[in-house]
Structures are given as structure tokens and as C-alpha cells.
Amino acid sequence: MSDWVLKAEGLSKGFTLHLQGGVRIPVLRDAGLVVAPGECVALSGPSGAGKSTLMRLLQGNYGADEGAILICRADGSVADLATASPREVNGLRRDTIGHVSQFLRVIPRVPALEVVAAPLLARGVARELALARAQALLRRLNLPDRLHALPPATFSGGEQQRVNLARGFVADFPLVLLDEPTASLDAANREVVIALIGEAKARGAALVGIFHDLDVRGRVADRVVEVLPLREAA
Amino acid sequence: MMADDEPILSARGLSLSFGAVRALDEVSIDLWPGEVLAIVGESGSGKSTLLRALAGEMRPDAGRVTYRDASGEALEVHAMGEPALRRLARTEWGFVRQDARDGLRMGVSAGGNVGERLMAVGARHYGDIRTEAERWLERVEISPSRIDDRPGQFSGGMRQRLQIARTLVTRPRLVFMDEPTGGLDVSVQARLLDLIRGLVSDLGIAVVLVTHDIAAARLLAHRLVVMRHGRVVEEGLTDRVLDDPRHPYTQLLVSSVLAA
């Protein structure tokens, strides 16, 4: 087993806005991050410093301009997300990288239970088993049974977030990315999330998160990494 | 899974001009088994021409299209001849047209439309064919009680769902879709998209989807190709192309979408 699950090095990312006369906005320069199995790293820094950009790079949602994002799969093989083909990225998202975003991208007509079970079904887990695990996790997150069969489009923010959390934790990903996982949760559900993070660490997962709730951060994070804003036109 | 490591469909250097207009300009793409590839762009970008060239319906001036069939053999689409191409089109391939009337037989019942595709691949037992047709009508959310009605008696959305049933009943390996939700009411579009999403992932079909609907592409596609003036200007992972677009035209396309 490798001594890291995620090793990002020399990451640079900027945006060229062609519709605004080609203005160039640099966000990250030479950023790096190493996360060991069983470790939870919290990203901190002022708003706009690039925490979310870094999270999106780690998920493959943004493409890096420079640098490497090495990810160790469960079988020990290593992929570089920064240069991986779209098919490889889709494979990494299926098997290796779990992601809990702040907002649920709702698919019309798909019930909450199916949304949560989807990562298991994508891996070929038998439908009954996948749905049973999804249901158990939704119950643990106190989402009432009567909501499981409904599409989450009409759910409250907190309910949608719990669907998102269940989806991110249902499949035992080796790397879990958490973007404000407790932002709209009540105290009881916050405790459930803290427990889920603890269990993920115990099974050897690496976690990277943005936690604005400093109490939660203090209880789950083993380390805090500062993401600092680039100086203008440096 | 050796076969999955090779593209099911590859196009190299496709060019096609209509007079002075370059409809396709050196287009190369690959599609892997079970993958949904969306081709997006505005009207006149060449996306529908590309689809027809990939499906062998339009011959390019230059370039080639290679299809790897179920037995693993690489076939040159534009060199195989009409009969072989027609056989492929009714067995391993499917085509979902924007206007369902172009993909359905309007004078034949709903059950007949689905059954006909089954018979084309060798089904002979009438009872089995009818049962399978009923099952597929249900699967696309058309009441089996409508099995003897003709498509002309259906709404636009139902007709499109019938076309999908007719296309997928033989479990093709590769399906070409040309604006499958175009011309339908928005509420009908959502239902159809969800239906396509579910069927395609359940059956593991490879799809080339042409659409001008960015939201549809995001929902359905693993990968995205952006076309403009007959050329591929950007391609990649669907959400990365849409959330981190590099090319000026892609940025324009993405920024023009109204967020609901």
C-alpha cells in the first residue's frame, strides 16, 4: 500500500475569459497537497483564495494548466488525474473518487434512493443490495422513508444535502472530497456526518474537505492546509 | 474485457463540402462501447452531417469511418456496400430521428413498428413478438392497450417514445440519435431524456447523440464534442467542457444557456 492516496504537485490553474476580451485570471500557482490513507485534510483560506477551484481540480471537473494529481486506486495502481483521458476520469469517479458537493444536481424523475444507489449500480453491485445499502444510509441520515421514492428536486436544502452525503459515502471510495458537507444540517445530522467521516478514515480512506464549521473541522480534520490568494498580476 | 479497450466506432479525417461550404473539416472522433458521446453546436455547425457520415448515410469527400462489430471485426463503413450497411442498420445499429415520422412506419400499428424490427433480426413466433412488443411499450411508458393504434394517433412525445422502443427492442450495440428531444414540449423532453438515460445505461449501448441542448448533453453524455463551422473546436469530459470551457466558442455556448 502506498503511503498516500492523493499526491497533487505543482498545480496551476487560471481562467481565460474570451468573452471579456481574453482577460486572464490566475487562481492557483504551484499548489500541492498530499493525503495519506486514513487522513482527513481540511482546506482553509479566505473566500476566493481558490479552495473550491482546488477541489474541482481534484475531482477532475476543472482541468489543470500545470502539475500532477496522482491518485492511488484501491488496487495500488496510480493515475494522474491532470493528464487522464475522459474515460479514465470517468473510471476514477466510478471506483476511486467520491464527491459530496454543496448542491445536488437533480436529475428529473429519479427517486432519491436511486440517486444514492447510483455509484454502487455503476460498479455492478446487484440492484437489491445497492438499494438496501442506499436505504440504510438515508435512514441513518434521518431522511424519512416517505421521501426515498421521490425525486429530490422538491426537497429542502438540508434534505438534498443528506441525499448528496449518502451518495458520497455509500460506495466506500478510497478518496472522498467534501465541499461544506454540513452547511445546512441540524446538530443531530452533523453528528452523523462526523461519524461517517470517522468510519471512512478507519477503513483507510483519504478525505479532503472544506469545512466552514470550525467545530466540525476541529473534530474531523487531522491537518489544515492553507490555500492563499495569489497576489494580483504577480 | 479486452473488447472494451478498443473503440466501437472511429472516424479519421472526415471532410465534406457542399459547394463552398465546408460541412465537415478534418473531423476525427472515437466512441467506446457503452459510452454516450454528445455532439453539440449551433445549427449549421456540421453536427448532423457528422452523424449521417458516421452512420454511413452520407459519404465524406475524405476520411474514413471504422466500426468494430460484435465479432470484433473492423469494418470500413463507407467501403462495405449498401446491403451490408442495411443489414448493420437493422441489427447492431439503431437510429433515432428528430422527427419520429422519419423513424417509424406511420401506416403500421405501434406493436407492428416494434415487432418489425424484431422480425428483421429473425424473430418468427407471432405470440413472442407481440409479448415483447407489449413489454417494450410498457418500458417506454406507453399503455399496452395502445398496441394496435397507429403512430398517427399518438402525441409527439409518445411517438418519440415509440421510436425509441422500435430502435432498442433488438438491443443494438450502437445508436445514433439526432436531436431526439427537438420539437417536443419541455415537460415531455424531461421525461424522454430520463427514459433514454435509464435505457442506455441499463442496456450498455454506445450512443452518438447530436443535440443543441446543453442540459440534455450534460444529463446523458460521458463525453462532449463541440463543433463549429464543420470543425471540432473542443472535446473532453462532459462536465469539464461545460464547467471549464477553453475555446471562445464553447465559452459563448455555455454562457448562453439560461440557468433554470
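Me: How much area do chain B and chain A bury between them?
Reply: Keep in mind that this is a predicted model. The contact draws on 24 residues from chain B and 24 residues from chain A. Of the area lost there, 48% sits on carbon and sulfur atoms. The total that the two chains bury between them is about 2000 Å².

Me: Which element gives the most to the lining of the second largest pocket?
Reply: That pocket holds about 470 Å³ of space, and 19 residues line it. In chain B, α2 (82-90), β6 (93-96), α3 (100-103) and α6 (156-168) each supply at least two of the lining residues. The one that gives the most, with five residues, is α2(B).

Me: How many residues in the lining of the second largest pocket are charged?
Reply: Nearest the centre you'll find B:Glu57, B:Ala89, B:Arg90, B:Phe95 and B:Arg97. Glu and Arg count as charged, while Ala and Phe count as nonpolar. Over the lining there are six nonpolar and five polar residues, and the charged ones number eight.

Me: Is A:Glu180 buried or exposed, and what is its relative accessible area?
Reply: A:Glu180 is found in the chain A loop between β7 (175-179) and α7 (187-202). Its phi is near 55 degrees, a positive value in a residue other than glycine. Buried means under 20%, so A:Glu180 counts as buried, with a relative accessible area of 10%.

Me: What about B:Glu179: where is it found, and what is its relative accessible area?
Reply: Look in chain B at the loop between β7 (174-178) and α7 (186-203). B:Glu179 has a positive phi too, near 45 degrees, and isn't a glycine. This residue is buried, and its relative accessible area is 7%.

Me: Which elements do the buried residues of α4(B) pack against?
Reply: The helix covers residues 110-120 of chain B, and its buried residues include B:Ala110, B:Asn113, B:Val114, B:Arg117 and B:Leu118. An α-helix has 3.6 residues a turn, so residues three or four places apart point the same way. The elements of chain B that the buried residues pack against are α2, β6, α5 (126-139) and α6.

Me: Which residue just after α4(B) takes a positive phi?
Reply: Follow chain B past the helix, which ends at residue 120. Phi there reaches about 110 degrees, and the residue is B:Gly122.

Terms used. Residues numbered from 1 in each chain as written. Chains lettered and ligands numbered in written order. Predicted model: local features only at pLDDT ≥ 70, side-chain atom pairs only at ≥ 80, totals over all residues. Heavy atoms only, no water. 1 Å grid on protein atoms, 1.4 Å probe; cavity = no way out; pocket = protein on both sides within 12 Å on 5 of 7 lines; lining within 4 Å. Points joined across faces, edges and corners; volume = space filled by probe spheres on them. Helix = DSSP H or I, 4+ residues; strand = E, 2+ residues; numbered from the N terminus. Buried < 20%, exposed > 50% of the residue type's maximum accessible area, 1.4 Å probe, protein only. Contact = heavy atoms within 4.5 Å. Buried area = accessible area lost by both parts, 1.4 Å probe.
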